[in-house]
Amino acid sequence: MAQGNKGVKAKVQQLGSNLSSMVMPNIGAFIAWGVITALFIPDGFLPNEQLASMTDPMITYLLPLLIGYTGGSMLHDQRGAVVGAIATMGVIVGSDVPMFIGAMIMGPLGGWCVKKFDEKFSDKIRAGFEMLVNNFSSGLIGFALAIIGYFAIGPLVSILTEWLGLGVAAIIRASLLPLANIFIEPAKILFLNNAINHGILTPLGTEQSVETGKSILFLLEANPGPGLGVLLAFTVFGRGAARSSAPGAILIQFVGGIHEIYFPYVMMKPLLFLAVIAGGVSGTFTFQLLDAGLRAAASPGSIIAIFGMAPPNSYVAIIAGVIVATIVSFLVAMVIIKSDRSEATEEDLAQQQAAVQSAKQESKGQDQETEATASGNVENAELHKVNQVVFACDAGMGSSAMGASVLRKKMKEAGIDIPVTNISIGKLEDDANKLVITQNELHNRAVQKAPSAEFVSVENFMDSPRYGEIVERMKNETTQTQEQETTSTDTNETTDIEGLTLENVKHIVFACDAGMGSSAMGASVLRNMLKKTELNVDVTNIEINQLDDDGQALVITQKELYDRAHQQSPSAQFVTVDNFMDTEVYEEIVDRMEKQS
């Protein structure tokens, strides 16, 4: 029974992560809609009937289509995104309410359907018909799903949305909404904050805002008061590393809106869960009592973003709610911290974080072997071949962005010129020359997305000693790496097949401007040739701008496109052709690969 409960929890967490991953990349559009609404509606700061006419089309069409497009791309890249958007249009037109929930259903469904079609039929398409089949399959699958969405999914989601709205209204009327923070605050600290806010509260709050002009739901998770109270208590009454680091964390949390910064402080002393719960409940009670609300989601949960999304008649109520939440959280945290006379050293903090991470992994059904794998020691990573560092988390924002900034600064000071970015796990691409930094509990999901990459796992994106280890190792290997890059460049510029080393090639990529047309036909021809051999090599076609740097790839492109392709993938080997349908070149490649295998 316990194992079954763990499996259910893991599935719920994965569902929440997927929902937030569809909304988070499009938060900018929600904010744009909120700003237009705040400024130009009749009750806004600068009433303008013409500009206000954008609000309805944006909430009805733009926002759901963006969610559907993103949901489709999560499953099957560009083709999945297009089909997901077409399918979403069906539920939009087939209902009378904003179709955020419908988009979260139809977008991934569209991506999944076209992915399954490609898996089944991609190898059966005759040469020369790839573009025709790809375009018509996307159109016909999207057409069928749009019809289903119009007649079935849209009406069902409309009914569900109405029920949810009535339920939320009933909870608000019964003054029970503050009790939601009993679940929201602990769930935030277990890194479900994005799933709760952007997967659940944002869609429901947006629909409520359309009807009433604002929604209290936008404030439930975004309220910075509970975290601020805990950090203030550590600043005044804490000891050791926790006290010295808390003032800096206050600025990041309250002004920057990165709530993850206070999570380790609560994890270090689990009784502090009571402090953030008490702060959240009291803050929401104050918001409800004074009729506070926001016009759109405030992301990140910065006090600046909150006021930017607030109507003028809610300013006082919001200030009161944040202050009450801060005071209550501070007082409860004060009692807990003062009653614990131990000094919070950096070692204590790390041990507590490790214990919490272990408990989280157990709750997701991971065994001890998985935990060992998830450790991702720096010593085990082959950093000499890394030409890109990627921080990967559920949403690709928040603490991972801050971690990327910390490492980027350290690498710049050390004179290491390697790009450092942050991204959501759902958008990770496999690349043997990539170093992926992720949290321990997300390690397995990241490995599934990028099995060839190098990995380092951390417990806290914002303060990990492993960044220093990474920089030190990279710095020591800089000279060796530069020599390897020089040798690699000399090899790459050889477009003569006789000069290629093909025994380690795992991917053959046809690269052209559009990634379709003749390059797709050339890929099909070479793929059919390789099928007659025992060579296990993947053959794909792609547009040049989507090329990834891959030392195990052979890129086939036209001569005039070589420079652009080489800039995108400097570690790959290249063959340039005048015509993608030059079968003699492909015969030479296959023959040489067989000889070298």
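In which helix is N476 found?

View 1. N476 is found in helix α19, where helices (H or I, at least four residues) and strands (E, at least two) are DSSP runs, numbered from the N terminus. Because its relative accessibility is 57%, N476 counts as exposed, a term that stands for over 50% relative accessible area, with buried meaning under 20% and partly exposed in between (1.4 Å probe, protein chains only). The C-alpha atoms of N476 and H384 are separated by 9.5 Å, although the two residues are 92 places apart along the chain. The model shown here and in the other views is predicted, so that local features need pLDDT of at least 70 and side-chain atom pairs count only at pLDDT 80 or more, while totals for chains, interfaces and linings use all residues. Residues are numbered from 1 along each chain as its sequence is written, and side-chain values use heavy atoms, with hydrogens and water left out.

**View 2. The aromatic pair F391 and Y467.** These two rings form an edge-to-face pair, 5.6 Å centre to centre and with 65° between the planes; rings of Phe, Tyr and Trp (its six-membered ring) pair if their centres lie within 6.5 Å, and planes under 30 degrees apart count as stacked, over 60 as edge-to-face and the rest as tilted. The pair links distant parts of the chain, with F391 in strand β1 (residues 388-393) and Y467 in helix α19 (residues 466-476), 76 residues apart. Both F391 and Y467 are buried.

**View 3. An aromatic cluster.** One aromatic cluster is formed by F510, F580 and Y586.

**View 4. The largest nonpolar core.** This core, a set of buried Ala, Val, Leu, Ile, Met, Phe, Trp, Tyr and Cys residues joined through side-chain atoms within 4.5 Å, has 40 residues, and those with the most contacts inside it are L63, I67, L219, L294 and I318. Helix α2 gives the most to this core, with six residues, and at least three residues are drawn from each of domain 1 (13-122 + 133-174) and domain 2 (178-366), whose bounds come from an automatic or database domain assignment.
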